[in-house]
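Let's take a walk through this model together. Have the sequence and the 3D view ready, and follow along one piece at a time.

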Amino acid sequence: MADIFPLRARSLTVRFGDSTVLHRVAFELADGARIAVLGSNGAGKSVLLRTLHGLIEPTAGEITWGGSAWRPREQAMVFQRPVVLRRSALANIEYALAVNGVSGPKRRQRAREALERVALGYTAERPARVLSGGEQQRLALARAWALSPRVLFLDEPTASLDPRSATEVERVIGEIHASGTAIVVATHALGFARRMSDEVVLLADGEVAERTPSARFFTDPETPEGERFLKGELPWNGISHGSTRA
Amino acid sequence: MERYLARLYARVSIAWIVAAFIVAALLASTGAQAQDFITVASTTSTEQSGLFRHLLPEARKALGFDVRVVAVGTGQALDMGRRGDADVEFVHDKVAEEKFLAEGFGVKRYEVMYNDFMIVGPKDDPVGAKGRDVISALKKIAEKQSPFASRGDKSGTDAAEKRYWKMASIEPPKGGWYRETGSGMGPTLNAAAGMNAYALTDRGTWLSFKNRADLAILVEGDEKLFNQYGVMLVNPAKHPHVKKEMGQKFIDWLVSPAGQQAIAAYRIDGEQLFFPDYKP
Amino acid sequence: MHDILASFALAVRLIAGGDPELWRIVILSLEVSLASAFFACAIGLPLGTFIAVRDFPGRHAVVVMLNALLGLPSVVVGLVVYLLLSRAGPLGSMGILFTPSAIVIAQTLLVLPLVAALSRQFAEDAWREYREQLTSLGVSPARAVPTLLWDLRITLFTVVLAGFGRGASEVGAVMIVGGNIDGVTRVMTTSIALETSKGDLPLALGLGVILLTIVLALNALAFAIREWSAHGHG
């Protein structure tokens, strides 16, 4: 069986009606890598992740996994607001496993293990909806992790969380990566991005402005856009906040 | 604790309702399977007089099968027979019945019983209709243009009423005073009571009608007011599925001494409503 | 006024005294309304949900048609079913005209569009929230239907109650296809119509009180369920 890596996007363009949200974006993800996708609001981070994951069809360009256009199933995604079903936490994970072909007593066992791994064992029988925001997000991660994904996409996973929950979520993501899953995370939290990635892809107005190893980006970005972004001055939706383009 | 109770309550309700669904679905579907009954198309006035309530249990005892009566206007009852939706016709419009026979939809007409019509109206009788003469009463009502509630629904009663108007040379009655309700005897009497109007009704419905307001019987006893009921088996030659043996048994019972006696025995407040008159 | 109060008193006596005819009518009404609600929901709930999650050619037309069926006068449905079930009609040989089965059929046809339209609305709202995550987990739209049905069970239960209430309130169509036969197809609503037209108020009022109580109880139950699920159950 051919390997699904690298995930490669070439000249990726996504248009909704009249507006172009992504324009000729190039992207590459290697096995086990960690990439943070940064950019201000409207830069196209969420759309990029969804397109790579397969939730959105690109208007133009191509996405290949290990050279093939075929989209593998061993990927998962977690969203800013965790989506959990009206059933117990354990049942939520069992549901995901059932949908992916796991049945019998093995299913319950794997679900329990998944909950334990994220320190949510005590919530097993509780309705998922009564869990706190941080607990629900960890549940979503546990659910994704239970599917043994090779890639995990995360769209602003800590944006709705308080600092303590954010820290816990960060730790879980770290553990998921340690178990061999590649990470692509879109985020506004720069500290989180710095700790959670080896490489930064900066989007501006739907285009890739910069692609730099994290170790360097946060102290010494390569482009003016990178600089302005870090200073918090990057235009939002193309509207400049005063300073002209150098 | 409260949460536990609420949960329990919800679980029990859902379980009960699911069970009820299943039971109901089963019941409703098996109920149709029983085939030991006949369908009789009859009139609303017969039904509303309560005659069938009294008669059918006796019939069931004597015959061993159910008699199911669908009560609609005479016109609609005969149409049911034409469509084959009834096994037996039990109506009161000789002209329409003979037409039904002539069309080949009925086998044979038996005269079973009669009751009589009456004119009811405001008890102070503004037009002076009171008496034994229905035709002169109608003439007075039309002359003074006093409100009159008519059924106007192709029923036996309605057909009789229209014949009386014709005999009074007022044909058709026209004007704001003549109001056709297009409905059964009961609703028409309701309308008459509400409008303090005159109306033609059969004795049976009147006696069991409880909402009389200021209405009273004004004209009765005129021979013309006798209302003959006929019963016919729907022709199996036209509709092979008609339950002809059971249907004929029912007819035979109606005209037998036992059936005729049962008809005579029906009373409201001691008064007999229907007079058996079968002559072999 | 005195008449109405007297009738009302008689009505209460009939109910409390367990008048057998009254209760026979009530039980038959419950049976046919439960049965028709069952069939209407068995078809309508998944149908409405499926329409919500799946885009297919002609979907818009189906939605428009469902909404039109909602506004259909019930006597028209009664007439159509009557013509279908009459001996002179295509399904006449089944011989179910003027039986409770005919009532169940007519009521099911009336309740089905309601259930489908309501469940479609709720499912659409839920799907908007769930679509991305479920798709990401590998759930196809078809597979999502039972998931949504279970997830929305509380809300859909109120839809079931609404469907039952609609069926139990029907008069015209039931009269036409059932024939209002004493002891066979006479239900609460047609009884009330008949007894009222005869001017016999006590029985009509008694039945009216029971029918009203049932409908109110259903609505109270639906309300309580919504409240209970909104606070704390999750």
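Which residues are buried in helix 9 of chain C? They are Met188(C), Thr189(C), Thr190(C), Ser191(C), Ile192(C), Leu194(C), Glu195(C) and Ser197(C). Helices (H or I, at least four residues) and strands (E, at least two) are DSSP runs, numbered from the N terminus. Since 8 of the 10 residues of helix 9 (residues 188–197) of chain C are buried, that helix is largely enclosed by the rest of the structure. Just after helix 9 of chain C, Gly199(C) takes a positive phi of about 75°.

Some ground rules: this is a predicted model, where local features need pLDDT of at least 70, side-chain atom pairs count only at pLDDT 80 or more, and totals for chains, interfaces and linings use all residues. Residues are numbered from 1 along each chain as its sequence is written, while chains are lettered from A and ligands numbered from 1 in the order in which they are written.

That pLDDT is the predictor's confidence in each residue, from 0 to 100. In chain B, the mean is 87, but helix 1 (residues 2–30) of chain B has the lowest confidence there, at a mean of 61. Where pLDDT is low, the predicted coordinates should not be read in detail.

How do the chains meet? Residues count as in contact if their C-beta atoms, placed from the backbone, lie within 7 Å. On that basis, 15 residues of chain A are in contact with 13 residues of chain C. Strand 5 (75–78) and helix 2 (89–99) of chain A each give two or more residues to that side of chain A. Chains A and B, though, do not touch, and their nearest C-alpha atoms are 12 Å apart.

Finally, look inside chain A. Helix 4 (residues 133–146) of chain A and helix 5 (residues 163–178) of chain A pack at about 10°, with axes 9 Å apart. (Axes are lines fitted to C-alpha atoms, for helices over the stretch in contact, and angles run from 0 to 180 degrees between N-to-C directions.) Helix 4 and helix 5 of chain A are therefore roughly parallel, a label for angles under 35 degrees. Among the residues making the contact are Leu141(A) of helix 4 of chain A and Val172(A) of helix 5 of chain A.

Terms used
Two residues are in contact if their C-beta atoms, placed from the backbone, lie within 7 Å. A residue is buried if 20 or more other C-beta atoms lie within 10 Å of its own, exposed if 12 or fewer, and partly exposed in between; C-beta atoms are placed from the backbone. Angles under 35 degrees count as roughly parallel, over 145 as roughly antiparallel, 65 to 115 as roughly perpendicular and the rest as oblique.
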